[in-house]
Amino acid sequence: MTEPLLNAGPVTQTTELSGAPEQGEQPDRPPRRALPRLPHRAWSVAAVAFVTIIGTAGFASLPGLLIDPLHDEFGWSRGTIGFAVSVNLALYGLTAPFAAALMDRFGIRKVIAAALAVIATGGGLTVFMTEPWQLILCWGVLVGLGSGSMALAFAATVTNRWFVAQRGLVTGILTAGGASGQLIFLPLLSRIVERHDWRPAALTVAIAALAIVPLVWLLLRDYPSDVGLAPYGADGPPTPRPAPRRGAARRAVKALASASRTGTFWLLAGTFAICGASTNGLVKTHFVPAAHDHGMPVTAAASLLAVIGVFDIIGTVASGWFTDRFDARRLLAMYYALRGLSLMFLPILLDEAVHPPMIFFIVFYGLDWVATVPPTMALCREQYGEDSAIVFGWVLASHQVGAGVVAFVGGMARDAFGSYDLVWYGAGALCAIAALMSLVIHRGPKAQGAAATA
């Protein structure tokens with residue numbers, strides 16, 4: 001009985017284990033589903049910048065709503081109030097190039113967080129003022145200095161560092177942040193001023209600025225290399241973070257000295273000064289009181305100004321898209337010409353009620369409000385390379401100086417003539433001059449090279 005068993009050969013378990021994998025093999029599994037690809041971190045940084053610009057837009061929206069209340073409560077002339085606004089606008093612009101250099105030295109996050117704190121302090125202290133110099137100090141100096149660091153140089157710095165592709169589009173989106181904030185804040189603040197007082201409105205914008213500080217500190221990053229990435233649209237590995245550049249003020253002045261030797265800088269600065277005069281200085285500051293002079297309720301006038309913000313968003317984003325595809329100089333010429341034409345018609349459109357022609361003006365003017373920013377930034381990049389954000393800061397300074405002059409002159413003209421009509425016509429004529437200036441700007445080396453290879 002044992003012999004057959006001994007001669008049977010080795011016993012195997014092939015039949016029993018035929019379905020089992022051999023050692024080292026993995027059992028068959030369904031293929032894993034690929035995880036959805038997350039957007040590049042540059043887009044989240046741009047989103048934080050967009051929200052930050054929105055949050056500080058309340059300070060740009062409030063001056064036009066304060067002219068009549070401050071005049072009624074304290075008896076201050078519109079020229080005096082306009083002077084405080086002009087100081088704010090001028091410092092807003094003059095701070096921008098130094099802020100861009102400070103961002104290179106200390107980082108975007110630290111500079112923006114400090115600027116928000118200064119803005120909130122200046123806005124909050126206005127509720128205690130009783131003299132005109134206090135308005136000039138709090139709203140003119142503190143808010144002007146803080147908001148200057150939040151100026152378009154901030155958008156230019158974020159765009160230059162985080163994006164290679166889609167720069168024009170991102171510039172348009174970030175520029176539209178101011179209009180988006182205007183859309184949010186103007187109706188709210190006008191209702192607060194009309195139903196309560198101007199002081200709660202001032203506190204509202206101060207609290208909004210403070211609320212953004214944690215968001216900036218936690219989510220904003222200075223360079224793509226901080227999170228191990230290359231800029232959006234760049235080829236190759238991440239570029240190491242550059243060493244901090246010392247001497248921010250010296251670098252800002254040096255960039256100005258270098259750029260001022262070129263005719264392009266003065267043409268860009270001149271056209272952008274007219275841009276500021278015909279937008280922030282005139283319409284944003286004086287549209288509401290001018291409409292109120294014709295019997296239009298303050299809330300209705302502020303709502304119209306907010307609607308400008310709606311179409312400003314569309315126009316600015318579209319302008320960024322156009323800037324990626326067309327000659328920036330011709331775009332600027334078209335924008336300024338159309339803006340000047342619309343301002344010439346405004347005096348005959350103002351009335352106690354809102355009629356369809358006024359709605360057409362609001363839509364038309366809104367599409368053009370800051371559509372000039374993307375092509376102006378693009379021309380700065382073409383001409384001035386690594387210093388383009390600082391040079392654009394100086395160009396922005398001219399924008400705000402122009403805005404400040406017209407904010408003051410507009411108030412003086414209203415005190416002297418009892419009407420804003422002369423100011424509207426003057427601004428329209430200046431826009432026609434800016435259109436002509438835009439056409440004689442020279443293309444930068446990068447744009448000429450791209451045109452040669454096309």
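Which residue just after H13 takes a positive phi? That's Gly 295, at about 95°. Before I go on, this is a predicted model, so to speak: local features need pLDDT of at least 70, side-chain atom pairs count only at pLDDT 80 or more, and totals for chains, interfaces and linings use all residues. Residues are numbered from 1 along each chain as its sequence is written, and side-chain values use heavy atoms, with hydrogens and water left out.

OK, helix H13 itself, residues 280-293. Helices here are DSSP runs (H or I, at least four residues), numbered from the N terminus. The 14 residues should span 20 Å at 1.5 Å a residue, and the end C-alpha atoms sit 19 Å apart, which agrees; the expected span is 1.5 Å times one less than the number of residues. H13 also bends by about 50° at Phe 287, with Pro 289 following within four residues. That bend is the angle between axes fitted to the seven residues ending there and the seven starting there.

Now, 12 of the 14 residues of H13 are buried, so the helix is largely enclosed by the rest of the structure. Buried means under 20% relative accessible area, exposed over 50%, partly exposed in between (1.4 Å probe, protein chains only). Among the buried ones are Lys 284, His 286 and Phe 287.

Last stop, helix H18. Val 401 is in H18, and Val 401 is partly exposed, at 35% relative accessible area.

How values were computed:
Helices (H or I, at least four residues) and strands (E, at least two) are DSSP runs, numbered from the N terminus.
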